[in-house]
Amino acid sequence: NSPSLPLSSSPSLPEDMFRTRSSLLRLCLPLPHPPRRPLACPARARGEGGRGAGRGGVSAFDGGVYRAKSLWEIVRGLLVFKLCSMPSLVERGEEVLERSRRILGRRLFDRLMRATFYGQFVGGERAEDLRACARGLSERGVLPMLAVPIEEAVDDGRSECWFRENLHTVLSSVNLARSCHPGSMMQIKVTSLMGADLCATISQALTRSDGSEEFSETRLSLVMDGENLPFPSLTCQETNHLQNSLQRLKIVGECASESAVPLLIDAELSFVNPAISLVHRLLAQRFNRDRPNIWNTYQCYLKDTDQSLQTDLSRAAERGVSLGVKLVRGAYLDQERQRAQELGYTDPLHPNWGETDLRMKDLGIDREAGKVLFAQLLGMSDHVSLALGKQGYPVYKSLPYGSVDQVIPYLLRRAQENRSALAGLGRERRLLYRELRRRLVPWRG
């Protein structure tokens, strides 16, 4: 309900923003007036003219916002980031967790996790815990983005019953997000509702002309509405799963749209992403007529992201739908490179983080139009997100939620996927240590 400012009237951003590996840029692109390049956005101000308006912007992400944290939050952050920056510990995470659980027992292990990793990165287990977390974030100028900690990997072979249970979980999560804050968003992985193996099969088929026709948006839209159509390249079991999956996704899209909770679809590994993007287009065609209720994710470390984004912009403009874009660097660097090497195809990624940063800047985001939102994981890059929130920018924190047994494996997978980024936590640790030293030995500054 707060007014918007053109970006030129909003605080300027320092270069440090582009060096923050965990920062995500969300773009909400108002169409059908098609831009020539992807748009960036004005900050949504809070209060008259916005808290950051006219002040010259965020001077630096220097950790000054850590003064609002408790002493325990500072100490816990230092401990958790130190452990996360140890590659051998992250790589052997499943083994370490299992041994710790056997030695400590379930109750003590649960308490240890809640005091460390769970407490650092998780919004809570019960609805009231999550609402309390959202209130605390709101007091610091940050909004909640619920992350459903459910996904399927290729070859997991989950049953149809598992996906049906996930549907109920996702629908409950949409309602929970709405109850946490009127500005809440939610992120979801398509593989929580559609098998990763099926996504890989469809993605491969889309590279063929006959596959593109077989899995055309027109045919899949009819299946989403309940029609039974044949798919020659699929088995009977896969065809049934495709029909059920598309109808589940339609139900989720309807619920999120009616609840006014924007649904951000996460990208995954590049060999399943074409199917995920196809799902996004099907949902966007239905639910993005007036506003971007369903968003897609674009991983800037992929060499073809610029072309994909331009194609989707043009397609959305032609169809008269809004395009919500979640722009990220990308998390599956090690897996992508290993798979390319094993199967003998060209590395799909840019050579390094610096090149990826340049590609993000080269998108030519227009400061005069559109809307930009920023987001980081809960418990990470607080020196960025809290500083932005304090200045009146629209900032979100991604909040995984659930029990220790549900969320810790999810967090471990994220840590293993982001090992390269976790190795770059030195700056945040230094800022936390500086704040700890300021409190313990204030006479040393």
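Two residues are in contact when they have heavy atoms within 4.5 Å of each other. With that in hand, here is one number for the protein chain: among contacts with a separation of 6 or more, 81% are between residues 24 or more positions apart.

Before going on, a word on what we are looking at. This is a predicted model, in which local features need pLDDT of at least 70 and side-chain atom pairs count only at pLDDT 80 or more, while totals for chains, interfaces and linings use all residues. Residues are numbered from 1 along each chain as its sequence is written, and side-chain values use heavy atoms, with hydrogens and water left out.

The overall count first. The protein chain has 18 helices and eight strands. Helices (H or I, at least four residues) and strands (E, at least two) are DSSP runs, numbered from the N terminus. The chain has 445 residues, and 53% of them count as buried. Buried means under 20% relative accessible area, exposed means over 50%, and partly exposed is in between, using a 1.4 Å probe and protein chains only.

Next, the cores. A nonpolar core is a set of buried Ala, Val, Leu, Ile, Met, Phe, Trp, Tyr and Cys residues joined through side-chain atoms within 4.5 Å. Which residues touch the most other members of the largest one? They are M194 and L242, in a core of 66 residues. Helix α6, residues 160–180, supplies the largest share of this core, with nine residues. If we leave aside neighbours within four places in sequence, L242 is in contact with M194, L198, I202, F215, L220, F231 and L234. There is also a second, separate core of 24 residues, and C84, A147, Y410 and L436 are among its members.

Axes here are lines fitted to C-alpha atoms, for helices over the stretch in contact, and angles run from 0 to 180 degrees between N-to-C directions. Angles under 35 degrees count as roughly parallel, over 145 as roughly antiparallel, 65 to 115 as roughly perpendicular, and the rest as oblique. A crossing is left-handed if the near helix is turned anticlockwise from the far one by less than a right angle, and right-handed if clockwise. For residue classes, Ala, Val, Leu, Ile, Met, Phe, Trp, Tyr, Cys and Pro count as nonpolar, Asp, Glu, Lys and Arg as charged, and the others, Gly among them, as polar.

Pair one is helix α3, residues 93–115, with helix α16, residues 404–417; they pack at about 140°, and their axes are 12 Å apart. The two are therefore oblique to each other, and α3 passes α16 in a right-handed crossing. On the α3 side the contact includes L97, R101 and F109, and on the α16 side it includes I408 and L412. By class, this contact has six nonpolar, two polar and six charged residues.

Pair two is helix α1, residues 71–84, with helix α18, residues 426–440. Their axes come within 10 Å and cross at roughly 145°. Here α1 passes α18 in a left-handed crossing. Among the residues that meet are I74, L78 and F81 in α1 and L432, Y433 and L436 in α18. This contact divides into eight nonpolar, one polar and five charged residues.

The crossing of α5 past α6 is right-handed. A127, L130, R131 and A134 of α5 meet L176, S179 and C180 of α6. Five of the contact residues are nonpolar, one is polar and one is charged.

K250 is in helix α10, residues 236–259. Is K250 buried or exposed? K250 counts as buried, because its relative accessibility is 19%. K390, in helix α15, counts as exposed at 54%. The C-alpha atoms of K390 and E139 are separated by 9.7 Å, although the two are 251 residues apart along the chain.

Last, backbone angles. Most residues other than glycine have a negative phi. A260 is not a glycine, yet its phi is positive, about 60°. A260 lies in the loop between α10 and β4 and is partly exposed, at 35%. S381 also has a positive phi, near 55°. S381 sits in the loop between β7 and α15, and is buried, at 4%.
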